[in-house]
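The entries follow in the order in which I looked things up.

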There are 2 protein chains.
Amino acid sequence: MEALQQKILEKGIIIDDHTLKVDSFLNHQLDTSLISSMAEELIRRFAGMPIHRVLTIESSGIPLAFMIGYFLRIPVVFAKKTKPSTLSSGFYSAESYSFTRKSPYTMSVSRDFIHPGEEVLIVDDFLAGGNAVSALIEIIRDAGARPVGVAIAVEKGFQGGGDSLRKAGIPVESLAIIESLSNGVIQFRK
Amino acid sequence: MEALQQKILEKGIIIDDHTLKVDSFLNHQLDTSLISSMAEELIRRFAGMPIHRVLTIESSGIPLAFMIGYFLRIPVVFAKKTKPSTLSSGFYSAESYSFTRKSPYTMSVSRDFIHPGEEVLIVDDFLAGGNAVSALIEIIRDAGARPVGVAIAVEKGFQGGGDSLRKAGIPVESLAIIESLSNGVIQFRK
């Protein structure tokens, strides 16, 4: 998506060969106009596929996921990164690993909010090694639902998560795929 | 707001005299249609006031805050609940306390994303004792900006945070103010 790639080139900050900071428009300050256009573009890419529900993970996946759900008039659920309390009536959980924070974490979704037979679109702001998305897929399948696809803002292609999912037969659509951040230059996949 | 109050009566779950669970539509599963109507209603209540920026806090304030920013075509910033890493160029921080998790936490906003002289609307899903909102106000004032008001989905009136803010001269608009959860009955403020 041209507008997102332009924004990344203008406002993205390369921290190192693996890390791109986009917190001025995507995951701390939110460019509401750009994110709504991104949601519309992702909806176009999944047009014709049945989608009953959007699943994302807190926090920075929420804006894009919410807009997709808003335009499609379907519910959005965000997985929580905290272990559910004993008050809770039952959760699907899966383990993931944050390379940013260098620590494992559990993500959880209430059993009340994914139902057997549903077609679920996974949405997130970043896709790198694919750990978080794989955990969301595990949760969807545990619920007897189906991951209809994965809608991503920025994929770090060089970390391989997106291509692994594609090889496994999961449709993955990313609005910008970064092939390299080496030498301080952002290179997108053609 | 009638539609929200109805939804609370239909879907809210009273956990105890102080705790109302609304995770089926407001802070785990998201009712995208209701939340967009809530954003429109809050915009009406702050009509005529200058608003340059929306400030909320991760995670569950994000959907409502995002929709308000989307309709007003202004940026949204969400405060982070993690201490900023050393990579970061500079943050405004304030201490708050979570009664849900019974622990203090630090919220932080990058200095790049609030500017002196701006009028900032604070948005959150819940207002109880007012700790989180007070910390956001502290951050806004530290930045030399002004808190133009506080827009809330559900205020727990019996915990007093909203009324303290009103007495301090901060405009607070809540779409549903709960006066009591005693005896398993939800009572709204008239």
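**Entry 1: strand S8 of chain B**

I began with S8(B), which pairs with strand S9 (residues 146-156) of chain B in the parallel sense over eight bridges. I took helices (H or I, at least four residues) and strands (E, at least two) as DSSP runs, numbered from the N terminus. Strands pair if DSSP finds at least two bridges between them.

Before going on, I noted the ground rules. This is a predicted model, where local features need pLDDT of at least 70 and side-chain atom pairs count only at pLDDT 80 or more, while totals for chains, interfaces and linings use all residues. Residues are numbered from 1 along each chain as its sequence is written, chains are lettered from A and ligands numbered from 1 in the order in which they are written, and side-chain values use heavy atoms, with hydrogens and water left out.

I then checked strand S4 (residues 53-57) of chain B, which runs parallel to S8(B) and is joined to it by three bridges. There B:Val54 has B:Leu121 in S8(B) as its bridge partner.

Is S8(B) buried or exposed? Nine of the nine residues of S8 (residues 119-127) of chain B are buried, so the strand is largely enclosed by the rest of the structure. I used buried for under 20% relative accessible area, exposed for over 50% and partly exposed for in between (1.4 Å probe, protein chains only).

**Entry 2: helix H4 of chain B**

S8(B), H4(B) and S9(B) make a right-handed β-α-β unit. Right-handed means that, with the strands pointing away from the viewer, the path from the first strand over the helix to the second runs clockwise.

I checked the helix length. The twelve residues of H4 (residues 131-142) of chain B should span 16 Å at 1.5 Å a residue, and the end C-alpha atoms are 17 Å apart, which agrees. The expected span is 1.5 Å times one less than the number of residues. Buried residues in H4(B) include B:Ala132, B:Val133, B:Leu136 and B:Ile140. Just after H4(B), I found B:Gly144 with a positive phi of about 80 degrees.

I turned to S4 (residues 53-57) of chain A. Five of its five residues are buried. Both faces are covered, with A:Arg53, A:Leu55 and A:Ile57 on one side and A:Val54 and A:Thr56 on the other. In a regular strand the side chains alternate between the two faces of the sheet.

S4(A) pairs in the parallel sense with strand S5 (residues 76-79) of chain A over four bridges. A:Leu55 stands opposite A:Val77 in S5(A). From S4(A) the chain crosses through helix H3 (residues 62-72) of chain A to S5(A), in a right-handed β-α-β crossover. Eight of the eleven residues of H3(A) are buried, A:Phe66 and A:Met67 among them.

I laid chain B on chain A: RMSD 0.0 Å, by a turn of 180 degrees and a shift of 0.0 Å along the axis. The two copies are therefore related as by a two-fold rotation axis. The superposition is by least squares on the C-alpha atoms of residues with pLDDT of at least 70 in both.

How many residues of chain B are in contact with chain A? I counted 37 residues of chain B in contact with 37 residues of chain A, where contact means heavy atoms within 4.5 Å. The chains bury about 3000 Å² between them, 66% of it on carbon and sulfur atoms. Buried area is the accessible area (1.4 Å probe) that two parts lose on being put together, summed over both. B:His28, B:Thr32 and B:Phe66 lose the most area in chain B, together 25% of what that side buries.
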